[in-house]
Amino acid sequence: MGEPRYLQADCTFRPGTHTVRVTLARTALRVEVEAHDTADLWKGVFDAAFIENLTRKTGNFKQFGIFCSMLESALMQSSESVSLELLTYADLETLRSQKVGAIARPPRSTSSPLSTKRYLILVYSVEFDRIHYPLPLPYAGRLDLATLVQELREELVQLRAQHLEETQHLQDALRRALEEKRVAEARHQREHQQLATQLAEARTSEQRLQLRVKNLTTELASCRRGRRTSASTAPCSQERRSASLESHRSSLCRPSLRSPSPAGSRLPRFDPTAFVRARQRRQKEAELRK
């Protein structure tokens, strides 16, 4: 068990509603019970040796730390196996007599110190039995109003200090969150600007590429038209040159016909058959060259 822990809860016992305050330390246990209707107060401080000896007498031994955990569970009502009861000395004697089967003793005088005590009973319920751990609380009188006011003021000061500390923590956390948000927004804005710049550059590059493709397409179409024009005119020129050469050859090989007239000679006649054959031969030569 580390630092002392303070617990408080309102419990309804047979005499009425009471406030139970428990302080759990490493080697000591402090218990206070205050009656709501009368402001009577009972207090008790128990060390580890007392608690362990008490549990040993009941026949169900518990270490001090285990007992404190059971008492906390009973006070916070977090377990069904443990609970709390508040008894007078007469109630405790009656309970003991019922347990051993003896006759109950007559109650003591109200002036006896035992009659003013209260016993906070930690009840541990097991499968077939109920173990009672009684904590004797001597009567501490009634709570002084001035003392109560002072305690309330001290508690109020502590609550205010705690509230201010929590408020400061929240403000610091809010300030850090706002700063992180501002940094994140600035980063996102820079990234957005970078993306916008890259997008604009990509669009400009795309336009240049489209213009380049258009120019290349135009140049390719022009080249294709030029090739077709060259291919269509070249055979005609070649044909004309071949026809002229063939005519010249024919004129050289054909014997000249002299005119019977002594005045001069005539030009040779045109031979259609030879012209057609020469033309067919030139076409074959052009096809072979292609």
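Phe-270 counts as exposed, its relative accessibility being 62% (exposed, over 50% relative accessible area; buried, under 20%; partly exposed, in between; 1.4 Å probe, protein chains only). The model is predicted, so local features need pLDDT of at least 70 and side-chain atom pairs count only at pLDDT 80 or more, while totals for chains, interfaces and linings use all residues. Residues are numbered from 1 along each chain as its sequence is written, and side-chain values use heavy atoms, without hydrogens and water.

Phe-270 lies in the loop between helix H5 (145-253) and H6; helices are DSSP runs of H or I with at least four residues, strands runs of E with at least two, numbered from the N terminus.

Helix H6 comprises 18 residues (272-289), which at 1.5 Å a residue should span 26 Å, in agreement with the 26 Å between its end C-alpha atoms; the expected span is 1.5 Å times one less than the number of residues. Ala-278, Arg-282 and Ala-286 of H6 are buried. Viewed down the axis of H6, the buried residues fall within an arc of 75° and so line one face of the helix, the arc being that of the directions from the helix axis to the C-beta atoms.

Phe-67 in helix H2 (residues 64-76) and Tyr-133 in strand S7 (residues 130-137) are 66 residues apart. Phe-67 is buried, with a relative accessible area of 0%, and Tyr-133 is buried at 0% relative accessibility.
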